[in-house]
Amino acid sequence: MASNPKFKEIEESVTARWNSSKDKIFQTTQFDSKKPLFSWLEGPPTANAPPAIHHVEVRVFKDVFMRYKHMKGFSVPRQGGWDTHGLPVEVQVEKKLGLKHKKDVIEYGIPKFIEECKKDVWTFIEDWNRNTEKLGFWLDLDSAYVTLKTPYMESEWWALKEIYKKGLLYKGHKVVPYCPRCETPLSSHEVALGYEDVKEKTITIKFQLKDEEAKILAWTTTPWTLPGNVSLAVNANLDYCYVKDKSFPEETFIVAKDRVKRHFDNPEIIKTVKGKALVGKHYVPLFDYFPDLEKAYFIMAADYVTTEEGTGIVHQASAYGEIDYEENKKHDVTFIHPVEKDGSFSEVVRDFKGIFVKDADPLIIEKLEKEGKLFVTFDYTHSYPFCWRCKSPLLYYAMDSWFIKVSQIVPDLLKLNNQIRWYPDHIKNGRFGNWLEGAKDWALSRNKFWGTPLNIWVCDNPDCQNMESIGSIKELEEKSGKSGIDDLHLTTVDALKWKCQKCGGTMSRTPEVIDTWFDSGSAPFAQFHYPFENKALFEKRFPYDWIVEAIDQTRGWFYTLHVISTILFNKPAYKSCTVAGLLVDDSGEKMSKSKGNIISPDDVFGKYGIDATRLAMCSFPLGNPVRFGDSVFQENITPFLTILFNSYAFSSRKLVKKTLEGNEKVAVEDRWILSRLNSTIETVSKNLESHAYNECVFAFGDFVMNDLSRWYIKLVRDRDDEFVGRVLFEVFEKLMRLLAPFTPYLADYHYHKITGRDVHFESWPKAGKRDETLEADMNDIRDFITAVFNARDKSGVGVRWPLPKLIVEIDDKDMKDSVKKLKHLILEQTNVKELEIGRHDYSIEIKPDYRGLGKEFGQETADAIGVINANKAKIEAGLKKGVSEWTFGKFNILRAHLSITKHVHEGMMLTEFEKGLVFLDLNSTEELEAEGFTREVTRRAQALRKEAGLEKEDRIKLYVSTPYPMLKVDEIKAKVGADEIAVGKTLPKLEHRFAFKIKDFEFEIGF
């Protein structure tokens, strides 16, 4: 029996067989019109970095469920996909070329840069393909959809034109999340991918009112926005106090009443006014960078102002806050924007010109402090957004951008979400539903180069502003007069212009590309080049039956799929969605390339094996963070696979390759293991359908490790009849089909040995009839037998030594029935000759539990102890009847208040289990002793045969030397495959021999 199976060799042998069946495997990934369809959509990865272990998780889920559905008789087309545009690629190429800013890209040459991006996308494609194949993820990569291909992009243009025609695509000047490193706006769902907790300086500033000697205090976490300050906001209905404090003898401050104590140690309140009394007052600007603004530097009322943080007064900079922008726009405040596209201050901010705004924070604080305008500063930890790809801090930045009016379709998004089945279910109205409820307009455009160009042409006449959305190559050719267009990237389409039909001006494409998440969100239709071709195929697949990715995609791919499909088709893009938890490192950090905490899949595959890695991924509940490390393998996965392998190694010697007909009179243990097999098939099938993969792993782990290995094999170890071989064949044949989606290598390896066929082309096992009563009976007696073994351990009498009798005291009727029905198994397993259900005398030693009594009775503990000692006879009688509570006067005594020890007379051993007591008779006889000695000699002779490398059919002549006179020679002879046994005082010269001692007798055996 192999205690350490060589999983790598198994993988290699199975891979070789798969390589010889590539055509057959390929067919499983293709659409088969003869079968019912199960449609799945790949969430496309980007191949410009190697796959890491956190990519493996959902790829395992995909393969597990699709293998299962294929075995259930469905056609499961499995087409791969690649995401190829956008920031991930641009940032990588910029680093490779040493380009630090957008102007560097322009100087390098946009056509050359785009060509580099096209190449870079595929830098690690071989690694991804190899990982896919190694993982056993059967996927059609030859016809994978690719977002950079012209047909795919043309379908996106069709979609964008449809959105434009519906009035949902518009250009607006707004404050948007902006990456100064990439010089492009981001969408809200992209921002959600990049938050990190940071500790920064937060400051409270003094703004001097113009017409009175008072300074209004405002708080900000972003000092860099202060040069852009244009107004202050208060809540008209809140109370505000004019405050003096001896720490500031010359100054009077204005702060919200609720925040006075937070800012002053010894406040003297001069007067209290409502916020509306402050509205309209003007203040002196902090900086003199904009001396002649037409309308600015005054206090306005705003409902969003609260007193939860800060001072109850908010500093507003129109260009750097979404709410600030809207509030100032309502009050017609003059707009200023002193920050350049690269995130540095413009020349108007002369003190900090050219300095990146976040780097300028300490310099701004220092200047304000020198000028007496700083009230207080302190460290503040808060969640701050960073670019999800380059990790630069994001700014909220006012600029022109193109938007999809998602806010207008929120009711539709919510309605269609109700049609989707989410696993786990709480995602539906929780993380995803909440995100939909607060959905903002999608900032679609990117001021970058590598992406699908926005298909809007705009007239260059400022008085005309005619716009046209182009929805196909045919339309583009007709408009531009150029034929043979086969590429839609910037280098092609930016050169195409035509005459404006309204004013005669020139129509030129708006320079932006679109968010790469629109690319991946268009996959449902764009992979088919819909609507230009494959309409019927798309309509057959759509909406997709199932998708799966990690939980971060609730604000990424799941979201963009849902938005685009809602607008275009008024249908959800997918009927069901499985959400995996993020793999995190030992410190709980999300694994990512930028953090340097990723793990190579090959390292894990090499250390533990591919099947083990797959099982590990399936061992955790969906949606929760997964701390992926060695412990999951060492505690659960490796023991399971090793026990499975060794169980097969034992069973393979007994297997009879003939299925049961269903009418044989098999033994009770055979009926039980088959019932447990059927229960396991039911459990795994049910949990697979609900994507509870961890419950599947637990179910077949419990079956293999507890039912099969630790119980059934123990029961049939000495059986050699045909029925046990046929039962084992049925168990392993169905078990390997059950395991096939999870452990494709090991399952196929064993299945091929058993049947000569490949398991992955077989059907899913069907559950036969269960005997739930028998399963319950067997569970009962397993607990009972464990109690007998405990009694043997306590007495020091090993299980190989037969004992005359055991008595079991049980009140539970079901347990009694179980013991009666399976009495023969109990006696066999415990090596006891007789079993009696009844009672046996025992005494109970009762002592007060002083700690428990002290907690309950306090100062009356001594009296309670006295009551217990005075009533020990009543308590003992009650305990023997199952009573657990007694009342003596005012004292209510519980079982937990007592320390109880049970005693039996010498020659007996008492132990307890959940449903009763076991009394084990330890009084042996000469006959029983002879049985024990015979068993021990037999065991050692079998071990010597194994050490000598003998097979079962090899016969021996066994020599035994011992002074013990009562060995049962014929029994030993039958069990160890001996034609003859010679017992004498000494052994002749033999090749194999072994000396040992049993109790007080010396033995030596050999052959």
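Helices (H or I, at least four residues) and strands (E, at least two) here are DSSP runs, numbered from the N terminus. Take aspartate 332: its place is in the loop between helix H11 (322-330) and helix H12 (357-370), and its phi is positive, about 60°, although it is not a glycine.

This is a predicted model, where local features need pLDDT of at least 70, side-chain atom pairs count only at pLDDT 80 or more, and totals for chains, interfaces and linings use all residues. Residues are numbered from 1 along each chain as its sequence is written, and side-chain values use heavy atoms, with hydrogens and water left out.

**The four-stranded sheet**

- S36-S35-S38-S37 is the strand order of an open sheet with mixed pairing; two strands pair if DSSP finds at least two bridges between them.
- Strand S36 (978-984) and strand S37 (993-998) are at the edges with a single partner strand each, so one side of each has no neighbour in the sheet.
- From one strand to the next, the twist averages 20°; axes are lines fitted to C-alpha atoms, for helices over the stretch in contact, and angles run from 0 to 180 degrees between N-to-C directions.
- Strand S35 (residues 956-961) runs parallel to S36, and six bridges join the two.
- For a handle on that pairing, look at tyrosine 959, whose bridge partner in S36 is alanine 982.
- Helix H34 (residues 926-947) lies across S35, S37 and strand S38 (1001-1006), and runs at about 155° to S37. Contact means heavy atoms within 4.5 Å.

**The three-stranded sheet**

- Another open sheet has three strands in the order S15-S24-S23, and its pairing is parallel.
- Strand S15 (421-423) and strand S23 (547-550) are the edge strands, each pairing on one side only.
- Neighbouring strands in this sheet are turned against each other by 20° on average, direction ignored.
- Three bridges link S15 with strand S24 (residues 576-580) in the parallel sense, and tryptophan 422 has cysteine 577 as its bridge partner in S24.

**Cis prolines**

- Tyrosine 530 and proline 531 are joined by a cis peptide bond with omega of about 5°; you'll find proline 531 in the loop between helix H18 (523-526) and helix H19 (535-541).
- Phenylalanine 542 to proline 543 is also a cis peptide bond, with omega near -5°, and proline 543 is in the loop between H19 and S23.

**Cavities**

- There are five cavities of 30 Å³ or more in the structure. On a 1 Å grid over the protein atoms alone, a cavity is a set of points where a 1.4 Å probe fits but cannot get out, and lining residues have an atom within 4 Å of a point.
- The largest cavity holds about 80 Å³ of space; grid points are joined across faces, edges and corners, and a volume is the space filled by probe spheres set on the points.
- Its lining has 13 residues, and Gly86, Leu87, Arg446, Ile514 and Thr516 are the closest to the centre.
- Helix H4 (87-97) and strand S22 (513-514) each supply at least two residues of that lining.
- By type, the lining residues of the largest cavity are five nonpolar, three polar and five charged. Ala, Val, Leu, Ile, Met, Phe, Trp, Tyr, Cys and Pro count as nonpolar, Asp, Glu, Lys and Arg as charged, and the others, Gly among them, as polar.

**Aromatic pairs**

- The structure has 63 aromatic pairs; rings of Phe, Tyr and Trp (its six-membered ring) pair if their centres lie within 6.5 Å, and planes under 30 degrees apart count as stacked, over 60 as edge-to-face and the rest as tilted.
- One of them is edge-to-face, because the rings of phenylalanine 207 and tyrosine 283 have centres 5.2 Å apart and planes at 80°.
- Phenylalanine 207 lies in strand S5 (residues 195-208) and tyrosine 283 in the loop between strand S10 (267-274) and strand S11 (298-301), so this pair ties together parts 76 residues apart in sequence.

How values were computed:
1 Å grid on protein atoms, 1.4 Å probe; cavity = no way out; pocket = protein on both sides within 12 Å on 5 of 7 lines; lining within 4 Å.
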